[in-house]
Amino acid sequence: MNAIDVELATNLARAIDELGHDPAVNVIVVSGSGGNFCAGGDFDEVQRLRGEGSSALLTLFAPFRAACEAIAAVEVPVIVAVEGVAAAGGFELMQAADIVLVSHDARISDNHVKFGMVPGGGSTARLPRIVGRQQALGLLLSGDRISGLEAVWLGLAYRSYPPHEFDNGVRQFAQQLASRSREAVTTIKRLVNSAQDGALSDALDAEMDAVVRHISEGRGSAGIEQFTNREQGARA
């Protein structure tokens, strides 16, 4: 069920970084194979590394953290497509995504607490920022499982699809993003991410500077012309 071991975490971090810095790539989609997204950390791997000491455990947790942080670091949007099980580390990878698309019947949870474990992939830091303290503590301390539809209601996902429409829905959404102006998309992502960590006034200043620069350099001219022509046609 795509459990996370050292190799998977390392390769995921490398893949996101490499694709995200490829000028030919406009959007990245991360999905699971075999009908499930990710069941979390590989327990056998965790036990093996535990026996080797804390430094060995870091060889698993550090690259997984790097994979999650790579999502914010790359310019292009990273979509996480979730069907089936997304538990523990799989749920934490969802939280790091730019946009999450889910199947209605996805089975999502941070179930660390059910095994007497503590989250190690970002849940205690990211989840309260996404859903608020109350919902975060409720989910983390209960280990409750939620559906894809509930994930959308909570703000953990953007859109949910019936299972038979999931693959096509994800493909169409990704193609839609990929067809947009790369400069506009990457600027929007950068502004949104930077706004999360600073004052509102600073974020508004950054947005104003960006839009003036974007238009002045001619990057938005085609869109302005298209909008103007549409308005003129409507009046006619």
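Q: Which residues lie nearest the centre of the largest pocket, and how many residues line it?
A: Gln-95, Ala-96, Ala-97, Asp-98 and Asn-193 lie nearest the centre, and 34 residues make up the lining. A lining residue has an atom within 4 Å of a pocket point; on a 1 Å grid over the protein atoms alone, a pocket is an open set of points where a 1.4 Å probe fits, with protein on both sides within 12 Å along at least five of seven lines. The model is predicted: local features need pLDDT of at least 70, side-chain atom pairs count only at pLDDT 80 or more, and totals for chains, interfaces and linings use all residues. Residues are numbered from 1 along each chain as its sequence is written, and side-chain values use heavy atoms, with hydrogens and water left out.

Q: What is the volume of the largest pocket, and which helix gives the most to its lining?
A: The volume is about 1200 Å³, meaning the space filled by probe spheres set on the grid points. Helix H9 gives the most to the lining, with six residues.

Q: How does the lining of the largest pocket divide into nonpolar, polar and charged residues?
A: There are 18 nonpolar, eight polar and eight charged residues. Here Ala, Val, Leu, Ile, Met, Phe, Trp, Tyr, Cys and Pro count as nonpolar, Asp, Glu, Lys and Arg as charged, and the others, Gly among them, as polar.

Q: Why are H5 and H6 called oblique to each other?
A: The axes of H5 (residues 123-131) and H6 (residues 133-142) cross at roughly 135° and come within 7 Å. Angles under 35 degrees count as roughly parallel, over 145 as roughly antiparallel, 65 to 115 as roughly perpendicular and the rest as oblique. H5 and H6 are therefore oblique.

Q: What makes the contact between H4 and H5?
A: Phe-91, Glu-92, Gln-95 and Ala-96 in H4 meet Ser-123, Arg-126, Leu-127 and Ile-130 in H5, where contact means heavy atoms within 4.5 Å. By class, four of these residues are nonpolar, two polar and two charged.

Q: At what angle do H4 and H5 pack, and how far apart are their axes?
A: The angle is about 50°, and the axes are 10 Å apart. That makes H4 oblique to H5.

Q: Is the crossing of H4 and H5 left-handed or right-handed?
A: H4 passes H5 in a left-handed crossing.

Methods. Axes fitted to C-alpha atoms, helices over the stretch in contact; angles between N-to-C directions. Helix = DSSP H or I, 4+ residues; strand = E, 2+ residues; numbered from the N terminus. Left-handed = near helix turned anticlockwise from the far one by under 90°.
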